Amino acid sequence: MTATAMRSIFKKSLGLILVSGLLLAAVFNGKNYLFSSRVDIQLTQESPVKKLLQAKIQELSNEYHDIAYHIKEDVACRLAQNTCVCLADKKTFHLPYSELLFPRVWSHNLGAAFLESHPDPEDIKRHRAQEYSSFWRRSYSPADLLIINEANSPLQYPTQGVEVRPLKTIIIPGLGLKEEARSNHMVYVKATLGTFDVAATVDSVSVKGVGENYMTLSSPLLSALNRQLQFVTYTNTVFHPKTADTVQFSTEGHKAFFTIKIGHQIVPKLYYTGQQTEYNISALVTIATKTFLRYDKLNDLISSVRQYYPSVTIVIADDNEHPQKVTGPYIEHYTMPFGKGWFAGRNLALSQVSTKYVLWADDDFIFTANTKLEKMVDILEKTTLDLVGGAVREVTGYTATYLHTISVEEGGEEGDCLHIRNGFHHVIDGFPKCVVTDAVINFFMGRTDKLREVGFNPRLARKAHLEFFIDALGSLHIGSCSDVIVNHASKIILPWSKTDSQKAYEKFRYSSTSSDADLHNEVFYYRNRFKCMTSH
């Protein structure tokens with residue numbers, strides 16, 4: 001054999017060894033993927049269990065259809081119709097200042113306003129519907145299913161409160177069968193996301209389907225069967241950090257359903273503030289603000305804070321074109337790209353807070369003896385509130401809390417209706433100056449982690465406020481206390497005394513353009529899926 005041939009064989013052999021080595025490495029390094037079980041977590045349409053339950057509910061609803069009934073209009077009109085409309089109040093009289101004294105409800109058709117300015121309205125409507133469908137399929141949990149227990153069922157089972165960690169095992173509490181003696185007693189359990197077993201066996205009881213998602217248990221002795229049911233286990237087999245499994249529990253002629261919540265235990269985020277008999281505001285609260293073209297106002301805010309809270313941290317988000325240094329003890333100054341905007345600045349400031357609570361204050365606020373942050377901390381510590389607003393006093397003496405209630409009415413395929421009204425829901429027991437509401441003024445304290453969960457839409461750069469509270473609807477429990485007051489720097493400036501900085505700020509802040517209106521219409525119509533809105 002020639003040297004050339006030997007070299008060729010050697011190269012081929014070496015190549016095979018290398019390829020084999022790479023394959024073996026892939027097998028061993030990827031063994032968790034190659035040999036582990038596979039599950040389908042794709043967004044799906046309705047589950048068979050959901051269809052079964054809906055059919056059962058429809059069947060129950062059709063009972064007694066031949067019995068006459070009489071509708072109470074005063075009650076029926078309050079029921080959700082899934083066909084909401086947004087109607088404005090009619091103007092009934094004309095008096096000076098009537099709009100201020102008796103504010104009318106106005107309405108705005110978001111769909112018409114947004115779609116008429118869009119080059120392809122049908123495409124945007126189609127994409128919006130697809131996104132909404134995907135959102136609900138992703139948000140859906142079997143724990144949301146309506147389950148109706150039929151009367152006189154011999155089945156005993158838990159109605160709520162059963163939880164299991166992902167891929168872990170629990171004993172299902174409360175299972176039982178209550179029926180007359182017969183030759184054989186039998187029950188079935190069926191699940192979708194897990195399997196069944198028994199933690200102990202009982203004589204005279206037959207168990208079939210162990211380790212599967214469908215298991216039968218039977219015995220000629222009812223007492224023995226009920227004893228065995230005390231040891232039935234459920235093991236979650238499809239990993240999901242937060243979902244639920246609908247379990248069917250059946251016997252001859254009867255079916256029942258209950259849910260087992262599947263999820264990790266919520267990991268707490270605890271804040272150590274030291275041993276104290278009074279609230280240590282510096283350890284509990286960070287003040288956050290956003291500044292733009294108003295360094296004089298910002299310095300006044302800082303000076304006023306230091307009079308009452310000399311060691312509290314102040315976090316400043318700054319998107320000036322030519323930032324000036326803001327220094328001092330307990331000051332954190334973060335610069336941003338020029339004109340990045342109002343809500344982007346809030347996000348930046350909030351991201352740097354390391355205390356349990358964060359207080360939002362505009363850069364032209366002034367702390368006084370009435371700005372008692374201890375009162376805000378106290379109500380947050382003693383109630384379920386996530387956010388509490390205060391009051392802002394103008395130089396004229398007028399004090400505002402800007403309380404609003406927000407509700408969403410179902411509206412079908414075209415979208416829902418957003419309704420905003422002045423006011424609040426309830427006075428808080430034990431805090432007579434505080435109420436529960438849905439939106440407050442730009443002076444509020446909140447649980448840092450809860451505010452981060454909602455966040456601020458960074459696309460809203462110049463004008464935004466209620467948008468945050470609309471996003472927070474259903475997530476944050478909000479209140480307001482009128483006895484925690486911050487002063488608002490005077491906005492009364494003679495035209496000839498305005499500085500260049502003040503003129504630039506007013507031009508940037510208060511000028512309205514069609515693009516601003518289009519953006520807000522888009523946010524409400526597309527992002528939040530409202531078709532219209534009403535408000536005072």
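S204 is found in the loop that runs between β7 (194-198) and β8 (206-208). The model is predicted, and in it the phi angle of S204 is near 70 degrees, a positive value in a residue other than glycine. With a relative accessibility of 45%, S204 counts as partly exposed, because that class covers values between 20% and 50%.

Y402 may be considered next. The loop between β19 (399-400) and β20 (404-409) holds Y402. Its phi is near 55 degrees, again a positive value in a residue other than glycine. Y402 has a relative accessibility of 39% and therefore counts as partly exposed.

The largest nonpolar core has 42 residues, and the members that touch the most others are L387, L418, L451, F468 and F469. Two or more residues of this core come from each of several elements, namely the helices α6 (110-115), α11 (342-351), α14 (466-471) and α16 (514-527), together with the strands β14 (313-318), β16 (357-360), β21 (416-422) and β26 (530-535). Of these, α11 gives the most, with 5 residues.

Which residues does L387 contact, leaving aside its neighbours within four places in sequence? L387 is in contact with L380, V440, F444, M445, G446, L451, F468, F469, L476, H477, I478 and G479. Among these partners, L451, F468 and F469 are also named with L387 as members that touch the most other residues of the core. Apart from this core lies another, of 39 residues, which includes I287, M376, V388 and C481.

Terms used: Residues are numbered from 1 along each chain as its sequence is written. This is a predicted model: local features need pLDDT of at least 70, side-chain atom pairs count only at pLDDT 80 or more; totals for chains, interfaces and linings use all residues. Side-chain values use heavy atoms; hydrogens and water are left out. A nonpolar core is a set of buried Ala, Val, Leu, Ile, Met, Phe, Trp, Tyr and Cys residues joined through side-chain atoms within 4.5 Å. Buried means under 20% relative accessible area, exposed over 50%, partly exposed in between (1.4 Å probe, protein chains only). Helices (H or I, at least four residues) and strands (E, at least two) are DSSP runs, numbered from the N terminus. Contact means heavy atoms within 4.5 Å.
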